[in-house]
Amino acid sequence: MDKFGTSFQSVEGPTDGPNLKNARLVGVYIGANWSVPCQRFTPSLIEFYTKINEDIQQFEIIYIGMDENEEKYKETVTDMPWLFYDFKEFIKYQVYYEYKKHIQGKNKSNAIGVPCLLILNPNNGQVITNQGRGTVEKEGQGAFEKWLTQMSFK
């Protein structure tokens with residue numbers, strides 16, 4: 001998945017995203033510090049991500065932050081166990097614009113709907129579903145198997 005680049009950050013520091021290369025599914029999580037729904041959803045997503053990867057790393061997430069400034073961005077990513085870009089990294093905007101049409105909740109002013117969790121096929125970057133958030137909230141751990149099944153039909 002070269003479209004995401006090879007330079008990421010994690011809680012441990014800079015990384016080339018080794019788990020991204022072997023992931024069965026990839027999530028693109030679009031969020032922001034100012035979003036109350038993100039503040040509520042992120043802890044659930046952290047729990048989901050941790051349980052899915054408990055025995056073997058099979059799901060990777062890349063966070064695309066829409067925060068206003070670097071300080072707020074750093075606050076947001078502090079507890080995230082997945083990949084994210086440096087605040088000033090240009091590729092995060094390229095990734096966002098590539099997948100923008102799949103983001104739910106855009107209003108008439110074309111503001112983004114956050115949080116949004118896109119689930120992608122790691123082999124080709126195709127969107128399996130743009131309803132990752134709702135599926136995690138409704139189905140918990142069963143969401144992962146559902147997405148794998150959906151991927152086999154695409």
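1. Start with Val26: it is buried, with a relative accessible area of 0% (buried means under 20% relative accessible area, exposed over 50%, and partly exposed in between, using a 1.4 Å probe and protein chains only). Val26 sits in strand S3, residues 25-31 (helices, H or I with at least four residues, and strands, E with at least two, are DSSP runs numbered from the N terminus). Val26 and Pro122 are 96 residues apart in sequence, yet 5.8 Å apart in space, C-alpha to C-alpha.

2. A quick word on what you're looking at: this is a predicted model, where local features need pLDDT of at least 70 and side-chain atom pairs count only at pLDDT 80 or more, while totals for chains, interfaces and linings use all residues. Residues are numbered from 1 along each chain as its sequence is written, and side-chain values use heavy atoms, with hydrogens and water left out.

3. For another pair, take Glu47, which is in helix H2, residues 36-52. Glu47 is partly exposed, at 45% relative accessible area. Glu47 and Asn121 are 74 residues apart in sequence and 22 Å apart in space, C-alpha to C-alpha.

4. Now have a look at helix H3, residues 70-77, where Tyr73, Thr76 and Val77 are buried. These residues cover an arc of only 85° around the axis, so they end up on the same side of H3 (the arc is taken from the directions from the helix axis to the C-beta atoms). On the other side of H3, Glu71 and Lys74 are exposed.

5. What covers the buried residues of H3? Strand S4 (59-65), strand S5 (83-84) and helix H4 (91-99) are among the elements that do.

6. Next, the loop between H2 and S4, where you'll find Asn53. Asn53 is buried, with a relative accessible area of 12%. The side chain of Asn53 reaches the backbone oxygen of Phe59 at 2.9 Å. Leaving aside neighbours within four places in sequence, Asn53 is in contact (heavy atoms within 4.5 Å) with Gln58 and Phe59.

7. On to the rings: there are 16 aromatic pairs (rings of Phe, Tyr and Trp, the last by its six-membered ring, pair if their centres lie within 6.5 Å; planes under 30 degrees apart are stacked, over 60 edge-to-face, and the rest tilted). The Phe59 and Trp147 rings have centres 5.9 Å apart and planes at 40°, so this pair is tilted. Phe59 lies in strand S4 and Trp147 in helix H6 (residues 142-152), so the pair ties together parts that are 88 residues apart in sequence. Both Phe59 and Trp147 are buried.

8. Ring pairs also build a cluster, whose members include Tyr29, Phe59, Tyr73 and Trp147. The charged end of Lys92 sits over the ring of Tyr73, 4.4 Å from its centre (the rule: NZ of Lys or CZ of Arg within 6 Å of the ring centre and within 35 degrees of the ring normal).

Methods: A polar contact is a pair of N or O atoms within 3.5 Å; within protein, one must be able to donate a hydrogen and the other to accept it, and residues adjacent in sequence count only if both atoms are side-chain atoms.
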